[in-house]
Amino acid sequence: MIALDEIDRRLLGMLVQDAGQSAGALGRRVGLSQPATWRRLRRLREAGILRGQRLRLEPGKLGFGVTVFLGVKLSRKAGVSLEAFERAVSGIPEVQRVEHVLGLYDYRLRVIARDLADFERVLRRRIMTLPGIGDVEANVLLTEERFPGPL
Amino acid sequence: MKLLFADWPIIAIIMLDDVDRRILRQLQADPTLTMPELAERARTTPARAARRVERLEAEGVIRGREAVIDWAALGFAVHVSLRITVDKAAPRALDELMAAARKVPEVVELQTFLGRVDLRLAVLARDMGHYQEVYRDRILTLPHIADIEALLTLSVVKDADEVPV
(Lines give C-alpha, C1' and ligand atoms only; values in the text may rest on other atoms or scores of the structure.)
Protein backbone atom coordinates (compact mmCIF):
# COMPACT_ATOMS: atom_id res chain seq x y z
CA MET A 1 0.00 0.00 0.00
CA ILE A 2 1.35 3.44 -0.92
CA ALA A 3 1.54 6.36 1.48
CA LEU A 4 -0.56 9.40 0.61
CA ASP A 5 0.24 12.96 1.56
CA GLU A 6 -2.10 15.92 1.95
CA ILE A 7 -1.85 16.86 -1.74
CA ASP A 8 -2.76 13.31 -2.90
CA ARG A 9 -5.82 13.43 -0.66
CA ARG A 10 -6.89 16.80 -2.02
CA LEU A 11 -6.44 15.57 -5.60
CA LEU A 12 -8.62 12.52 -4.87
CA GLY A 13 -11.27 14.71 -3.27
CA MET A 14 -11.33 17.03 -6.30
CA LEU A 15 -11.56 14.11 -8.74
CA VAL A 16 -14.51 12.61 -6.86
CA GLN A 17 -16.27 15.97 -7.31
CA ASP A 18 -15.37 16.27 -11.00
CA ALA A 19 -13.28 13.68 -12.84
CA GLY A 20 -13.19 15.77 -16.01
CA GLN A 21 -10.57 18.23 -14.71
CA SER A 22 -7.19 18.26 -16.48
CA ALA A 23 -3.91 17.71 -14.65
CA GLY A 24 -3.11 21.37 -15.34
CA ALA A 25 -6.34 22.62 -13.75
CA LEU A 26 -5.95 20.31 -10.74
CA GLY A 27 -2.30 21.33 -10.34
CA ARG A 28 -3.16 25.03 -10.20
CA ARG A 29 -5.57 24.37 -7.33
CA VAL A 30 -2.97 22.52 -5.23
CA GLY A 31 0.03 24.62 -6.30
CA LEU A 32 1.79 22.02 -8.47
CA SER A 33 2.97 22.06 -12.08
CA GLN A 34 1.04 20.10 -14.70
CA PRO A 35 3.76 17.37 -15.04
CA ALA A 36 4.09 16.98 -11.25
CA THR A 37 0.31 16.63 -10.92
CA TRP A 38 0.20 14.16 -13.81
CA ARG A 39 2.88 12.00 -12.11
CA ARG A 40 0.82 11.91 -8.89
CA LEU A 41 -2.34 10.92 -10.77
CA ARG A 42 -0.44 8.16 -12.58
CA ARG A 43 0.88 6.87 -9.24
CA LEU A 44 -2.67 6.83 -7.79
CA ARG A 45 -3.95 4.95 -10.85
CA GLU A 46 -1.09 2.44 -10.76
CA ALA A 47 -1.70 1.77 -7.06
CA GLY A 48 -5.32 0.93 -7.96
CA ILE A 49 -6.68 3.75 -5.79
CA LEU A 50 -8.15 5.63 -8.78
CA ARG A 51 -10.18 2.81 -10.27
CA GLY A 52 -11.88 4.63 -13.12
CA GLN A 53 -14.76 6.98 -13.69
CA ARG A 54 -18.49 6.93 -13.36
CA LEU A 55 -21.07 9.01 -15.21
CA ARG A 56 -23.32 10.93 -12.83
CA LEU A 57 -26.89 10.95 -14.16
CA GLU A 58 -30.10 12.45 -12.78
CA PRO A 59 -32.39 9.39 -12.84
CA GLY A 60 -35.51 11.49 -12.18
CA LYS A 61 -35.05 13.37 -15.45
CA LEU A 62 -34.96 10.05 -17.29
CA GLY A 63 -38.25 9.01 -15.73
CA PHE A 64 -36.76 6.78 -13.00
CA GLY A 65 -38.43 8.15 -9.90
CA VAL A 66 -38.17 5.24 -7.49
CA THR A 67 -35.14 3.63 -5.83
CA VAL A 68 -35.64 0.69 -3.46
CA PHE A 69 -33.11 -1.07 -1.26
CA LEU A 70 -33.86 -4.75 -0.85
CA GLY A 71 -32.59 -7.06 1.85
CA VAL A 72 -32.67 -10.59 0.46
CA LYS A 73 -32.39 -13.89 2.28
CA LEU A 74 -31.68 -17.03 0.31
CA SER A 75 -33.86 -20.04 0.96
CA ARG A 76 -32.08 -22.61 3.13
CA LYS A 77 -34.17 -25.50 1.86
CA ALA A 78 -32.82 -26.37 -1.57
CA GLY A 79 -29.15 -26.72 -2.43
CA VAL A 80 -28.74 -23.07 -3.35
CA SER A 81 -25.76 -21.99 -5.38
CA LEU A 82 -24.57 -18.49 -4.55
CA GLU A 83 -23.00 -18.25 -8.00
CA ALA A 84 -26.30 -19.01 -9.76
CA PHE A 85 -28.10 -16.38 -7.67
CA GLU A 86 -25.37 -13.78 -8.20
CA ARG A 87 -25.24 -14.35 -11.95
CA ALA A 88 -29.02 -14.09 -12.33
CA VAL A 89 -29.46 -11.04 -10.09
CA SER A 90 -26.55 -9.17 -11.73
CA GLY A 91 -28.21 -9.62 -15.11
CA ILE A 92 -31.33 -7.64 -14.15
CA PRO A 93 -30.89 -4.13 -15.67
CA GLU A 94 -32.91 -2.43 -12.90
CA VAL A 95 -30.59 -3.88 -10.23
CA GLN A 96 -27.85 -1.28 -9.87
CA ARG A 97 -25.93 -2.77 -7.00
CA VAL A 98 -25.52 -6.22 -5.45
CA GLU A 99 -23.60 -6.80 -2.23
CA HIS A 100 -23.06 -10.13 -0.54
CA VAL A 101 -23.46 -9.29 3.16
CA LEU A 102 -23.17 -10.87 6.57
CA GLY A 103 -25.96 -10.13 9.02
CA LEU A 104 -29.74 -10.24 8.94
CA TYR A 105 -29.73 -10.73 5.12
CA ASP A 106 -27.56 -12.52 2.59
CA TYR A 107 -27.66 -9.87 -0.12
CA ARG A 108 -28.33 -6.17 -0.32
CA LEU A 109 -29.72 -4.90 -3.63
CA ARG A 110 -30.24 -1.40 -4.96
CA VAL A 111 -33.08 -1.36 -7.50
CA ILE A 112 -34.20 1.54 -9.70
CA ALA A 113 -37.64 1.77 -11.32
CA ARG A 114 -39.87 4.27 -13.12
CA ASP A 115 -42.55 4.31 -10.39
CA LEU A 116 -43.99 2.02 -7.73
CA ALA A 117 -46.02 0.06 -10.32
CA ASP A 118 -42.85 -0.50 -12.35
CA PHE A 119 -41.00 -1.55 -9.18
CA GLU A 120 -43.76 -4.04 -8.40
CA ARG A 121 -43.33 -5.52 -11.89
CA VAL A 122 -39.54 -5.85 -11.40
CA LEU A 123 -40.03 -7.38 -7.94
CA ARG A 124 -42.68 -9.86 -9.05
CA ARG A 125 -41.26 -10.90 -12.42
CA ARG A 126 -37.50 -10.61 -11.96
CA ILE A 127 -36.59 -10.64 -8.26
CA MET A 128 -39.09 -13.12 -6.80
CA THR A 129 -38.29 -15.59 -9.61
CA LEU A 130 -34.53 -15.64 -8.86
CA PRO A 131 -33.03 -19.05 -8.03
CA GLY A 132 -32.91 -19.61 -4.27
CA ILE A 133 -34.79 -16.42 -3.34
CA GLY A 134 -36.18 -16.43 0.22
CA ASP A 135 -37.43 -13.55 2.37
CA VAL A 136 -37.23 -10.06 0.87
CA GLU A 137 -37.48 -6.76 2.75
CA ALA A 138 -38.02 -3.53 0.81
CA ASN A 139 -37.23 0.02 1.90
CA VAL A 140 -38.10 2.87 -0.48
CA LEU A 141 -35.41 5.54 -0.75
CA LEU A 142 -36.57 9.04 0.22
CA THR A 143 -33.31 11.03 0.33
CA GLU A 144 -29.67 10.26 -0.33
CA GLU A 145 -26.39 12.04 0.44
CA ARG A 146 -22.89 10.91 -0.48
CA PHE A 147 -19.71 12.16 1.17
CA PRO A 148 -16.04 12.15 0.09
CA GLY A 149 -15.11 9.79 2.93
CA PRO A 150 -12.03 9.66 5.16
CA LEU A 151 -9.60 11.30 2.71
CA MET B 1 -51.23 14.82 9.07
CA LYS B 2 -47.79 15.33 7.61
CA LEU B 3 -47.68 14.72 3.86
CA LEU B 4 -44.74 12.47 3.18
CA PHE B 5 -44.34 13.35 -0.47
CA ALA B 6 -45.11 17.08 -0.17
CA ASP B 7 -41.45 18.08 -0.29
CA TRP B 8 -40.61 16.07 -3.38
CA PRO B 9 -39.68 18.29 -6.31
CA ILE B 10 -41.63 17.88 -9.52
CA ILE B 11 -39.06 16.89 -12.13
CA ALA B 12 -39.74 17.35 -15.84
CA ILE B 13 -38.91 14.12 -17.64
CA ILE B 14 -36.63 14.54 -20.65
CA MET B 15 -37.70 12.60 -23.73
CA LEU B 16 -34.91 10.59 -25.34
CA ASP B 17 -34.63 9.21 -28.85
CA ASP B 18 -32.59 6.15 -29.85
CA VAL B 19 -29.40 8.17 -30.44
CA ASP B 20 -29.63 9.70 -26.93
CA ARG B 21 -30.19 6.26 -25.44
CA ARG B 22 -27.19 4.77 -27.25
CA ILE B 23 -25.02 7.70 -26.15
CA LEU B 24 -26.10 7.33 -22.51
CA ARG B 25 -25.54 3.56 -22.55
CA GLN B 26 -22.05 3.93 -24.01
CA LEU B 27 -21.09 6.78 -21.66
CA GLN B 28 -22.35 4.86 -18.63
CA ALA B 29 -20.23 1.88 -19.67
CA ASP B 30 -17.16 4.11 -20.18
CA PRO B 31 -17.30 7.84 -19.32
CA THR B 32 -13.72 8.37 -20.58
CA LEU B 33 -14.60 7.77 -24.26
CA THR B 34 -13.45 10.48 -26.66
CA MET B 35 -16.10 12.06 -28.87
CA PRO B 36 -15.06 10.09 -32.02
CA GLU B 37 -15.08 6.82 -30.03
CA LEU B 38 -18.46 7.63 -28.52
CA ALA B 39 -19.90 8.57 -31.93
CA GLU B 40 -18.71 5.32 -33.48
CA ARG B 41 -20.14 3.16 -30.68
CA ALA B 42 -23.42 5.08 -30.65
CA ARG B 43 -23.59 4.83 -34.47
CA THR B 44 -23.70 8.56 -35.17
CA THR B 45 -21.32 11.36 -36.22
CA PRO B 46 -18.93 13.10 -33.77
CA ALA B 47 -20.63 16.46 -34.38
CA ARG B 48 -24.06 15.03 -33.66
CA ALA B 49 -22.80 13.12 -30.58
CA ALA B 50 -21.19 16.31 -29.24
CA ARG B 51 -24.45 18.26 -29.69
CA ARG B 52 -26.45 15.53 -27.94
CA VAL B 53 -24.05 15.33 -24.99
CA GLU B 54 -24.12 19.12 -24.68
CA ARG B 55 -27.94 19.07 -24.67
CA LEU B 56 -28.10 16.26 -22.09
CA GLU B 57 -25.72 18.24 -19.87
CA ALA B 58 -27.69 21.48 -20.31
CA GLU B 59 -30.93 19.68 -19.40
CA GLY B 60 -29.33 18.25 -16.27
CA VAL B 61 -29.58 14.60 -17.34
CA ILE B 62 -25.78 14.29 -17.26
CA ARG B 63 -24.56 15.94 -14.08
CA GLY B 64 -20.89 15.15 -14.57
CA ARG B 65 -18.26 12.50 -14.09
CA GLU B 66 -16.77 11.35 -10.82
CA ALA B 67 -13.62 9.40 -10.05
CA VAL B 68 -14.22 6.00 -8.46
CA ILE B 69 -11.96 5.38 -5.47
CA ASP B 70 -11.03 1.85 -4.47
CA TRP B 71 -11.18 2.18 -0.70
CA ALA B 72 -9.65 -1.26 -0.16
CA ALA B 73 -6.54 -0.10 -2.08
CA LEU B 74 -6.43 2.91 0.29
CA GLY B 75 -6.42 0.57 3.27
CA PHE B 76 -10.14 0.70 4.14
CA ALA B 77 -10.99 -2.99 3.98
CA VAL B 78 -14.16 -2.95 6.08
CA HIS B 79 -17.46 -1.68 4.67
CA VAL B 80 -20.55 -1.83 6.90
CA SER B 81 -24.18 -0.84 6.29
CA LEU B 82 -25.82 0.38 9.47
CA ARG B 83 -29.61 0.24 9.34
CA ILE B 84 -30.97 2.57 11.98
CA THR B 85 -34.40 2.89 13.54
CA VAL B 86 -34.88 6.39 14.92
CA ASP B 87 -36.34 7.12 18.35
CA LYS B 88 -39.08 9.54 17.26
CA ALA B 89 -39.90 10.79 20.79
CA ALA B 90 -38.02 14.05 20.16
CA PRO B 91 -39.65 16.30 17.55
CA ARG B 92 -36.56 16.87 15.39
CA ALA B 93 -34.96 13.48 16.06
CA LEU B 94 -34.27 12.52 12.41
CA ASP B 95 -32.83 15.95 11.50
CA GLU B 96 -30.57 16.00 14.55
CA LEU B 97 -29.36 12.44 13.95
CA MET B 98 -28.62 13.21 10.28
CA ALA B 99 -26.77 16.43 11.15
CA ALA B 100 -24.56 14.55 13.62
CA ALA B 101 -23.94 11.64 11.22
CA ARG B 102 -22.76 14.05 8.47
CA LYS B 103 -19.87 15.05 10.77
CA VAL B 104 -18.49 11.49 11.04
CA PRO B 105 -15.65 11.24 8.47
CA GLU B 106 -16.01 7.46 8.08
CA VAL B 107 -19.65 7.83 6.93
CA VAL B 108 -19.71 7.82 3.10
CA GLU B 109 -23.43 7.50 2.41
CA LEU B 110 -26.55 8.57 4.26
CA GLN B 111 -30.00 7.54 3.08
CA THR B 112 -33.49 7.93 4.50
CA PHE B 113 -36.28 5.44 3.76
CA LEU B 114 -39.94 4.74 3.80
CA GLY B 115 -40.13 1.27 5.32
CA ARG B 116 -39.00 -0.63 8.37
CA VAL B 117 -35.61 1.08 8.35
CA ASP B 118 -35.53 4.89 8.82
CA LEU B 119 -31.93 5.65 8.02
CA ARG B 120 -28.93 3.88 6.57
CA LEU B 121 -25.29 4.86 7.05
CA ALA B 122 -22.51 3.35 4.96
CA VAL B 123 -19.38 3.27 7.10
CA LEU B 124 -15.76 2.58 6.11
CA ALA B 125 -13.03 1.33 8.44
CA ARG B 126 -9.45 0.11 8.09
CA ASP B 127 -10.03 -3.20 9.88
CA MET B 128 -12.36 -4.72 12.47
CA GLY B 129 -10.46 -3.05 15.31
CA HIS B 130 -10.86 0.35 13.71
CA TYR B 131 -14.53 -0.40 12.95
CA GLN B 132 -15.17 -1.25 16.59
CA GLU B 133 -13.58 2.07 17.56
CA VAL B 134 -15.68 4.06 15.03
CA TYR B 135 -18.84 2.20 16.07
CA ARG B 136 -18.32 2.75 19.78
CA ASP B 137 -17.00 6.32 19.70
CA ARG B 138 -18.82 7.92 16.77
CA ILE B 139 -21.92 5.87 15.91
CA LEU B 140 -23.31 4.78 19.27
CA THR B 141 -22.86 8.35 20.49
CA LEU B 142 -25.20 9.72 17.75
CA PRO B 143 -28.49 11.09 19.16
CA HIS B 144 -31.98 9.51 18.96
CA ILE B 145 -31.02 5.98 17.90
CA ALA B 146 -33.62 3.37 18.91
CA ASP B 147 -32.05 0.37 17.18
CA ILE B 148 -29.14 -0.51 14.87
CA GLU B 149 -28.65 -3.52 12.62
CA ALA B 150 -25.31 -4.01 10.91
CA LEU B 151 -24.67 -5.69 7.57
CA LEU B 152 -21.00 -6.37 6.86
CA THR B 153 -20.20 -6.34 3.14
CA LEU B 154 -18.38 -9.56 2.20
CA SER B 155 -18.13 -8.78 -1.50
CA VAL B 156 -19.56 -6.36 -4.04
CA VAL B 157 -21.02 -8.47 -6.84
CA LYS B 158 -22.26 -5.55 -9.00
CA ASP B 159 -21.78 -1.81 -8.59
CA ALA B 160 -22.66 -0.45 -12.01
CA ASP B 161 -25.02 2.21 -10.63
CA GLU B 162 -26.35 2.46 -14.19
CA VAL B 163 -29.75 3.77 -15.18
CA PRO B 164 -31.33 1.28 -17.64
CA VAL B 165 -32.15 3.76 -20.43
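Visitor: Why are H1(A) and H2(A) called oblique to each other?

Guide: Please keep in mind that this is a predicted model. The axes of helix H1 (residues 6–17) of chain A and helix H2 (residues 23–30) of chain A cross at roughly 130° and come within 11 Å. Roughly perpendicular covers 65 to 115 degrees and roughly antiparallel begins over 145, so H1(A) and H2(A) are oblique to each other. The crossing of H1(A) and H2(A) is right-handed.

Visitor: Which residues make the contact of H1(A) and H2(A)?

Guide: From H1(A) come A:Ile7, A:Arg10, A:Leu11 and A:Met14, while H2(A) brings A:Leu26, A:Arg29 and A:Val30. Sorted by kind, the residues of this contact are 5 nonpolar and 2 charged, with no polar residue. Because Arg counts as charged, A:Arg10 and A:Arg29 of the contact belong to the charged kind.

Visitor: How do you know that strand E3 and strand E4 of chain A pair?

Guide: A pair of strands needs at least two bridges, and strand E3 (residues 95–102) of chain A has 5 bridges with strand E4 (residues 107–113) of chain A, in the antiparallel sense. Within this pair, A:Val95 stands opposite A:Val111 in E4(A).

Visitor: What makes the barrel, and in which order do its strands close?

Guide: The barrel is closed by 8 strands with antiparallel pairing, in the order E2(A)-E4(A)-E3(A)-E5(B)-E2(B)-E4(B)-E3(B)-E5(A). On average, neighbouring strands of this sheet are turned by 35° against each other, direction ignored.

How values were computed. Residues are numbered from 1 along each chain as its sequence is written. Chains are lettered from A and ligands numbered from 1 in the order in which they are written. This is a predicted model: local features need pLDDT of at least 70, side-chain atom pairs count only at pLDDT 80 or more; totals for chains, interfaces and linings use all residues. Helices (H or I, at least four residues) and strands (E, at least two) are DSSP runs, numbered from the N terminus. Axes are lines fitted to C-alpha atoms, for helices over the stretch in contact, and angles run from 0 to 180 degrees between N-to-C directions. Angles under 35 degrees count as roughly parallel, over 145 as roughly antiparallel, 65 to 115 as roughly perpendicular and the rest as oblique. A crossing is left-handed if the near helix is turned anticlockwise from the far one by less than a right angle, and right-handed if clockwise. Two residues are in contact if their C-beta atoms, placed from the backbone, lie within 7 Å.
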